[in-house]
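Thanks for coming. Please keep the picture in view while I talk.

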Amino acid sequence: MLCGQAMMAAADTAMVLALMQHFGAFRPCTTVQLNSSFLRPLSQQDATVHARVLRAGKALAFGEIDIAGHRDGKSVCRASTTYALL
């Protein structure tokens, strides 16, 4: 069973990695907002975390994250994020 706190930490970390890919290198940032919706429990399988940058400007970046069961592909958590770019 994967708890909600672990899913939020995974979402936050995955989004930083997505921002690194977007910018081509690490850029200092801080989480301004992280909203999550827990859709169903995840048990008896690993999780797949997919993060996508929606928009990255000079001061703010926005993204969305989907966490799904690796075996069945069903979403267990959806999150949206806002980061301040430092």
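In strand S4, Ser75 is the bridge partner of Ala68. This is a predicted model, so here are the ground rules: local features need pLDDT of at least 70, side-chain atom pairs count only at pLDDT 80 or more, and totals for chains, interfaces and linings use all residues. Residues are numbered from 1 along each chain as its sequence is written, and side-chain values use heavy atoms, with hydrogens and water left out.

Two strands count as paired if DSSP finds at least two bridges between them.

Back to the strands. S3 and S4 are antiparallel and share nine bridges. They form a hairpin with five residues between the strands, and Gly73 in that hairpin has a positive phi near 70 degrees.

What does S4 pair with on the S1 side, and in which sense? S1 and S4 are joined antiparallel, again over nine bridges. On that side, Phe38 is opposite Cys77 of S4.

S3 also pairs with strand S2, residues 47–56, in the antiparallel sense through nine bridges. Here Val49 faces Ile67 of S3. The hairpin of S2 and S3 has three residues between the strands.

Next, burial. A residue is buried under 20% relative accessible area, exposed over 50%, and partly exposed in between, using a 1.4 Å probe and protein chains only. Eight of the 11 residues in S4 are buried, so this strand is largely enclosed by the rest of the structure.

Thr81 is a residue of S4, and with 3% relative accessibility Thr81 is buried. By contact I mean heavy atoms within 4.5 Å. Setting aside neighbours within four places in sequence, Thr81 is in contact with Met15, Gln33, Leu34, Ala61, Phe62, Gly63 and Ile65.

Now the core. A nonpolar core is a set of buried Ala, Val, Leu, Ile, Met, Phe, Trp, Tyr and Cys residues joined through side-chain atoms within 4.5 Å. The largest one here has 15 residues, and those with the most contacts inside it are Met15, Leu19, Ile65, Ile67, Val76 and Tyr83. At least two residues of this core come from each of helix H1 (4–23), S3 and strand S4 (75–85). As background, nonpolar side chains in soluble globular proteins tend to be buried together.

Asp66 sits in strand S3, residues 60–69, and is buried, at 16% relative accessibility. The side chains of Asp66 and Arg78 make a polar contact of 3.4 Å. That term means a pair of N or O atoms within 3.5 Å; within protein, one must be able to donate a hydrogen and the other to accept it, and residues adjacent in sequence count only if both atoms are side-chain atoms. Not counting residues up to four places away in sequence, the contacts of Asp66 include Thr48, Val49 and His50, as well as Arg78.

Buried or exposed: what about Leu42? Leu42 is in the loop between S1 and S2, and Leu42 counts as buried because its relative accessibility is 2%. Its contacts outside four places in sequence are Met1, Leu2, Ala47, Gly69 and Val76.

Gln44 is in the loop between S1 and S2 as well. Gln44 is exposed, with a relative accessible area of 69%. Its phi is positive, about 65 degrees, although Gln44 is not a glycine.

On to strand S1, residues 29–38, where Ser36 is found. Ser36 is partly exposed, since its relative accessible area is 25%. Ser36 and Met8 are 28 residues apart in sequence, with 7.2 Å between their C-alpha atoms. Met8 is also among the contacts of Ser36 once neighbours within four places are left aside, together with Cys77, Arg78 and Ala79.

Last, one ring. Arg27 lies over the face of Phe23, 5.0 Å from the ring centre; the cut-off is NZ of Lys or CZ of Arg within 6 Å of the ring centre and within 35 degrees of the ring normal. That is the end of my list.

Notes: Helices (H or I, at least four residues) and strands (E, at least two) are DSSP runs, numbered from the N terminus.
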